[in-house]
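Here is a short tour of a structure, written to be read with the model open beside you. Take a look at the sequence and the coordinates, and then we can walk through them together.

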Amino acid sequence: MLPLSLLKTAQSHPMLVELKNGETYNGHLVSCDSWMNINLRDVICTSKDGDRFWRMPECYIRGSTIKYLRIPDEVIDMVKEDAQAKSRNRTEMNKNRGGNASQNQRGGRPGGNRNNVGNRPGQGYGGPGNNAMRLGGAAGQGNRLPHAAKNRK
Amino acid sequence: MADKKVGGGNNDGKEKRRKESILDLSKYLEKQIRVKFAGGREASGILKGYDALLNLVLDNTVEYLRDSDEPYKLTETNRSLGLVVCRGTALVLICPQDGVESIANPFITQ
């Protein structure tokens, strides 16, 4: 369960957002991005001391100023469905990527060898060590890396 | 950079842009907006321009002053700033000034 996928799932739901400065914003989430910047609609702003209130039709809040968000309980169930759908996609992609990974592995070997040559002076141990890690990475974790890159996008 | 979205340009997806902001500031152009800054300052002014980093150009800007001992409470006093550039990284909140009103406690208090 990723925080940002929960938040994304919570779009159009009501929520409470507390900022680092203590102000809270109650409103419906319109949109959010990977920085947790958010757009709210039909917002009620409450001052830090909790005794003054403002109504605003909409507002944009910078993600880096958010302390936390309270999200309705039912949203969590909807995320799970999303997650399952995603993991199904992921396994399919992994099947495809498996071929690529083995290609990468083959492609990686000459590079590793070149490294060995480069590390000749006094780094006999370090060279093969790095090489082994590299091959391990290509074979074992090759599938993960594209995902990490994809998620960051 | 050519692929950056700037100043109310209506980008119809011809050129690839890195990432579209979830905030479409073009709808606020020439309108009065309210901004809050990191540290607690608040101001409002007419949006004249903006960029992808959320730097803003505000005209006829008014800063709402605060008490020195209650830094988050606005006082009645204002300070006129005129034409300003707001640094995007310092912005905490942006909302249209239109429709912002002080209200009584809308939550049930028991």
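## Strand pairing in chain B

Let's begin with two strands of chain B. Strand β1 (residues 32-37) of chain B pairs with β5(B) in the antiparallel sense, over five bridges. To find this pairing on screen, look for Lys36(B), whose bridge partner in β5(B) is Leu93(B). Please keep in mind that this is a predicted model.

How many of the residues of strand β5 (residues 91-96) of chain B are buried? Five of the six are, so this strand is largely enclosed by the rest of the structure.

## Where chain A joins in

Strand β5(B) also has a partner in the other chain. Strand β4 (residues 53-61) of chain A runs antiparallel to β5(B), and two bridges join them. Which residues stand across from each other here? Tyr60(A) is opposite Ile94(B), while Ile61(A) has Leu93(B) as its bridge partner.

## The contact between the chains

Zooming out, 23 residues of chain A and 19 residues of chain B take part in the contact. On the chain A side, the elements that give two or more residues are β2 (24-32), β3 (38-46) and β4 of chain A. The largest share of that side comes from β4(A), with nine residues.

## Chain A as a whole

Chain A has four helices and five strands. Along the sequence they follow the pattern α-β-β-β-β-β-α-α-α. Of the 153 residues in chain A, 16% are buried. Among the contacts in this chain with a separation of 6 or more, 49% are between residues 24 or more positions apart.

The average pLDDT of chain A is 74, and 57% of its residues score at least 70. Over residues 115-120 of chain A, pLDDT stays under 50, and the model has eight contacts beyond four places in sequence for them. Residues 122-153 of chain A also stay under 50, with 27 such contacts in the model. Where pLDDT is low, the predicted coordinates should not be read in detail.

Terms used:
Residues numbered from 1 in each chain as written. Chains lettered and ligands numbered in written order. Predicted model: local features only at pLDDT ≥ 70, side-chain atom pairs only at ≥ 80, totals over all residues. Buried ≥ 20, exposed ≤ 12 C-beta atoms within 10 Å, placed from the backbone. Pairing = 2+ DSSP bridges. Contact = placed C-beta atoms within 7 Å. pLDDT = per-residue confidence, 0-100.
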